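Subject: Structure for you to look at

Hi,

Here is the structure I promised. Please open it next to this email and follow along.

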Amino acid sequence: MALQPDDLLDACGLPCPLPLLKAKQALARLAPGQLLEVRATDAGSWADFETFVAHSGHRLEAREERDGVYHYWLRKADGDSAS
């Protein structure tokens with residue numbers, strides 16, 4: 001993957017909904033436009049992150065599953081309306 005994240009969140013081993021909650025906290029610390037990579041092992045996170053970006057204004061730049069680890073690249077939304 002050619003994306004270069006500004007921050008990395010390792011949420012492996014955390015059950016639902018913790019990967020998403022930790023990602024929200026990590027995004028809050030980033031500047032608009034910065035990229036967060038999240039790694040999780042919870043299969044439910046695939047749908048959780050899809051739903052989250054549909055309602056938050058943040059962008060899911062890419063996602064993939066490798067050897068039981070789900071990788072997400074989230075771009076923080078511009079502006080204050082994203083949560």
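Glu61 is partly exposed, with a relative accessible area of 31%. Here, buried means under 20% relative accessible area, exposed means over 50%, and partly exposed lies in between (1.4 Å probe, protein chains only). Keep in mind that this is a predicted model: local features need pLDDT of at least 70, side-chain atom pairs count only at pLDDT 80 or more, and totals for chains, interfaces and linings use all residues. Residues are numbered from 1 along each chain as its sequence is written, and side-chain values use heavy atoms, with hydrogens and water left out.

**Salt bridges**

Glu61 forms a salt bridge with Arg75; their closest N and O atoms are 3.3 Å apart. A salt bridge needs a side-chain nitrogen of Lys or Arg within 4 Å of a carboxyl oxygen of Asp or Glu. This pair links distant parts of the chain: Arg75 sits in strand S4 and Glu61 in strand S3, 14 residues apart. Helices (H or I, at least four residues) and strands (E, at least two) are DSSP runs, numbered from the N terminus. Arg59 joins Glu61 and Arg75 in a network of salt bridges. The whole structure has 5 salt bridges. Another one of them pairs Glu64 with Arg66, with the closest N and O atoms 2.3 Å apart.

**The hairpin**

How do S3 and S4 pair? They run in the antiparallel sense, over 7 bridges. Strands pair if DSSP finds at least two bridges between them. Glu65 stands opposite Tyr70 in S4. The hairpin has 2 residues between the strands, and Asp67 takes a positive phi near 50°.

**The core**

The largest nonpolar core has 16 residues. Such a core is a set of buried Ala, Val, Leu, Ile, Met, Phe, Trp, Tyr and Cys residues, joined through side-chain atoms within 4.5 Å. Among those with the most contacts inside it are Ala23, Val38 and Phe49. H1 gives the most to this core, with 4 residues.

**Aromatic rings**

There are 3 aromatic pairs. Rings of Phe, Tyr and Trp (its six-membered ring) pair if their centres lie within 6.5 Å; planes under 30 degrees apart count as stacked, over 60 as edge-to-face and the rest as tilted. The rings of Phe49 and Tyr72 have centres 4.3 Å apart and planes at 25°, so this pair is stacked. Phe49 lies in helix H2 and Tyr72 in strand S4, 23 residues apart. Both Phe49 and Tyr72 are buried. Ring pairs link Trp46, Phe49, Tyr70 and Tyr72 into a cluster.

Best wishes
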